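Here are my notes on the model. Please read them with the coordinates open.

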Amino acid sequence: MATAAKIDIYRQFRSEYITPKKPSLVNVQPARYLTFTGRGEPGGVAFQSAIGALYNVAFTVKMARKFTGQDYTVCKLEGLWWADDPTQCFASQPRETWNWKLMIRVPSFVDEGDLKAAVEKLLAKGKPHEISDVKLEVLDEGACLQILHVGPYDQESATMVRLQAFAEQNRMEFHGLHHEIYLSDPRRVAPEKLRTILRIPVRRTA
């Protein structure tokens with residue numbers, strides 16, 4: 001019996017994962033994610049624990065679905081970032097106060113039952129309690145500006161200035177959370193070669 005082809009979300013929604021060198025407007029459809037919400041410095045203990053929990057759940061769900069004939073490629077890590085004060089840019093605040101939601105996109109057929117089964121299985125194996133904090137959410141961003149940032153994460157501000165200028169020139173304003181899609185693994189790629197998609201929802205101004 002022939003097996004179903006493995007689903008590749010990046011190929012399925014390729015228009016949403018473009019890597020333009022100049023600011024571009026993209027329309028992002030509602031997407032389902034495994035998420036972990038936290039606070040603190042990126043790379044800190046809480047941040048690393050969240051990544052571990054997310055990937056443990058993501059691969060456990062993936063394998064369970066594979067055995068039912070619905071195989072798919074596990075997506076790359078993504079993150080939403082914001083400050084306590086919504087009028088302030090998170091990057092201008094102390095790093096220990098940054099709020100973040102780490103995310104891994106999953107196919108639309110992944111449901112709460114899959115998440116619950118994966119969490120129970122992992123906890124039974126003695127995995128850290130943070131596993132229980134993984135959620136399943138739908139993110140609906142709609143119209144977004146998007147650009148590829150190449151280089152260290154702490155040098156993204158210059159790229160964001162370009163997005164801001166493009167928005168103002170085209171009568172748009174930011175209307176949502178700063179969204180990063182990590183195309184490179186910082187454990188294997190030099191900082192100056194890191195590739196990160198920067199995305200932020202926008203709306204038209206009068």
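1. Where does E130 sit? It lies in the loop between helix 3 (112-124) and strand 5 (135-139). Beyond its neighbours within four places in sequence, E130 is in contact (heavy atoms within 4.5 Å) with F36, S49 and A53.

2. Basis. This is a predicted model: local features need pLDDT of at least 70, side-chain atom pairs count only at pLDDT 80 or more, and totals for chains, interfaces and linings use all residues. Residues are numbered from 1 along each chain as its sequence is written, and side-chain values use heavy atoms, with hydrogens and water left out.

3. Fold elements. The protein chain has four helices and nine strands. Both are DSSP runs numbered from the N terminus: helices are H or I of at least four residues, strands E of at least two. Their order from the N terminus is α-β-β-α-β-β-α-β-β-α-β-β-β.

4. Of the 206 residues in the protein chain, 43% are buried. Among contacts with a separation of 6 or more, 74% join residues 24 or more positions apart.

5. Extent. The C-alpha atoms of the protein chain fill a box of roughly 55 × 40 × 35 Å along the principal axes.

Definitions and conventions:
Buried < 20%, exposed > 50% of the residue type's maximum accessible area, 1.4 Å probe, protein only.
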